[in-house]
Protein chains: 2
Amino acid sequence: MSTRANFDQNLNELKAMLLKMAKKSEQAIKEAMIALINQDIERAKVVIDGDNEIDELDQVINDKALLLIARESPVATDLRKINVALKVSSELERMADMAVNIAKSAVHIGREKHIKELIDIPNMMEMALEMVSDSITSYYSEDITIARKCAEKDDNVDKMFGILIQELLGYIPRNPSSTNQIIQLAFVCRFLERIADHSTNIAENVVYLVSGQRVNLNA
Amino acid sequence: MSTRANFDQNLNELKAMLLKMAKKSEQAIKEAMIALINQDIERAKVVIDGDNEIDELDQVINDKALLLIARESPVATDLRKINVALKVSSELERMADMAVNIAKSAVHIGREKHIKELIDIPNMMEMALEMVSDSITSYYSEDITIARKCAEKDDNVDKMFGILIQELLGYIPRNPSSTNQIIQLAFVCRFLERIADHSTNIAENVVYLVSGQRVNLNA
C-alpha cells in the first residue's frame with residue numbers, strides 16, 4: 001500500500017474509533033439520566049463501571065494516533081487531522097466522565113423521594129446532547145457552519161444552568177432535610193453544562209481542522 | 001546535530017515548558033485561594049484572565065510534541081516520553097482551569113461576609129498543592145516511589161472533601177440567606193479535590209513513563 005493510502009486508512013480507522021467512542025459517551029449520558037430519574041441505582045452503577053471501556057478507547061486512539069505520526073511523518077493538514085482526532089478523543093473521554101459523575105449523584109440520592117418531578121434537568125440534558133450530536137456531525141462532515149451553530153447553543157445551556165441553580169437553591173430553606181439531594185441535583189446541572197462546554201471545544205477543533213485558525217467560539 | 005542530540009534537546013525544551021506551566025498553574029491555584037480568603041475580586045479576575053496564557057502554553061507544547069514525533073519518528077521509550085509530556089501538559093491545563101473556577105467562586109461570593117473564617121479550605125488547598133508538587137517532582141526525577149506516595153495522599157484529600165461538604169451543607173438550614181455562598185464554598189472544595197485527582201493522573205503517567213505499565217493508583 002502507498003504511504004498515502006496507508007495514512008488515509010489509519011486516519012479512517014481513528015475516525016471510526018472516535019465515532020464508536022462518541023456513541024458510547026452519548027449512551028452513558030442518557031443512561032445516567034435515566035438512572036437518576038428512575039432512581040435506578042443498579043443502572044447508575046453500570047454507567048460507572050462502563051467508563052473503563054471508554055477510557056481504554058481513548059488510550060488506544062491516543063497510542064494509535066502518536067504511532068501514526070511517528071511512522072508516516074505527516075505534515076501540515078495531515079498532522080492537523082491527527083492533532084484534532086486526539087483532541088476530540090480527549091473531549092469525549094471527559095464527557096463520559098461527566099456521565100459517571102451524574103451516575104454517582106444518582107447513587108448519592110439513592111431512593112430518597114425527589115423533592116419534585118425531574119423535568120427541567122432532563123430537558124437540559126436534551127440541549128446538551130443536541131450539542132454533542134452537532135459537534136460530532138460537524139467533525140465527520142468537516143462542516144464549520146454546523147460547528148458554529150453548535151457553539152451558539154452553548155449560551156442557552158448556560159442560561160438554563162443559571163436558572164436551574166437558582167431554582168434548586170431556593171428549595172433548600174423550605175426543605176432543609178433534602179439539602180443533600182438538592183446539592184446533588186445542582187451538581188448534575190453543572191455536569192450537563194460541562195458536557196455542553198466539551199461539545200463547544202470539539203466545535204472549535206473542527207474550525208481549526210478546516211481553516212487552520214484557532215478560534216474561541218465561547219466568547 | 002545528530003538526530004539523537006536533536007531529539008534530546010527538543011524533549012528537554014518540552015520539559016522546561018512543562019515546568020513553567022506547572023509553576024504558573026500552582027501560582028494560579030494559590031492566587032485564587034488568596035482572592036477567596038481576602039475577598040479580593042480584582043485578584044480573582046487576574047487569575048481568570050491569566051488562564052489564556054496557560055492554555056496557550058498547553059497548545060504550544062502540544063504542537064511542538066506532535067511535530068517532534070513527526071520529524072524524529074521516535075520509537076518505544078522515546079515515543080512514550082513525548083506521550084507522557086502531552087498528558088502532563090493536559091493535566092496541568094485542567095488544574096489551571098480549576099484555579100479559574102475557584103477564582104470565579106470568589107467573584108460570585110464577592111464581598112458578602114463569610115459565614116465563618118476560612119481555615120479548613122485553605123488547609124485542603126495545601127494538601128492538594130503538596131500533591132501537585134509531588135507529582136511534578138516525580139515526573140522530573142522519573143521517580144516511581146514519589147509518584148506512588150503522591151497518589152496515596154489522594155485518600156486524605158477525598159476524606160477531607162467529604163467532611164467539609166457535610167459541614168458546609170449543615171450550615172444551610174440555619175443560614176438560608178447564605179445558601180449561595182455556602183454552595184460556592186462547596187464547589188471550591190470540589191475543585192480542590194479535582195486538582196488532587198489531576199496530580200494522581202500525573203503520578204500514574206510517571207509510573208507508565210518509567211515502567212511502561214498502565215496503572216490505576218486511585219483504586
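Which residues in H7(A) meet residues in H7(B)? The legends below take up this and other views of a predicted model, in which local features need pLDDT of at least 70, side-chain atom pairs count only at pLDDT 80 or more, and totals for chains, interfaces and linings use all residues. Residues are numbered from 1 along each chain as its sequence is written, chains are lettered from A and ligands numbered from 1 in the order in which they are written, and side-chain values use heavy atoms, with hydrogens and water left out.

**View 1. Contact of H7(A) with H7(B).** On the chain A side, A:Ile183, A:Phe187, A:Arg190 and A:Phe191 take part, and they meet B:Ile183, B:Phe187, B:Arg190 and B:Phe191 (contact: heavy atoms within 4.5 Å).

**View 2. Geometry of the H7 pair.** Helix H7 spans residues 179-211 in chain A and residues 179-211 in chain B; the axes are 12 Å apart and the packing angle is about 60°. Axes are lines fitted to C-alpha atoms, for helices over the stretch in contact, and angles run from 0 to 180 degrees between N-to-C directions. H7(A) and H7(B) are therefore oblique to each other (under 35 degrees is roughly parallel, over 145 roughly antiparallel, 65 to 115 roughly perpendicular, and the rest oblique). Their crossing is right-handed (the near helix is turned clockwise from the far one by less than a right angle).

View 3. A:Ser211 lies in helix H7 of chain A and, at 33% relative accessibility, counts as partly exposed (buried is under 20% relative accessible area, exposed over 50%, partly exposed in between; 1.4 Å probe, protein chains only). Its side chain reaches the backbone oxygen of A:Val207 at 2.6 Å. A polar atom of that side chain also lies 3.0 Å from the backbone nitrogen of A:Gln213. Beyond neighbours within four places in sequence, A:Ser211 is in contact with A:Arg80 and A:Ile144. A:Thr77 is 134 residues from A:Ser211 in sequence, with a C-alpha to C-alpha distance of 9.8 Å.

**View 4. Chain A as context.** Chain A has seven helices and zero strands (DSSP runs numbered from the N terminus: helices H or I, at least four residues; strands E, at least two). Its C-alpha atoms fill a box of roughly 70 × 35 × 20 Å along the principal axes. Of the 219 residues in chain A, 55% are buried.

How values were computed
A polar contact is a pair of N or O atoms within 3.5 Å; within protein, one must be able to donate a hydrogen and the other to accept it, and residues adjacent in sequence count only if both atoms are side-chain atoms.
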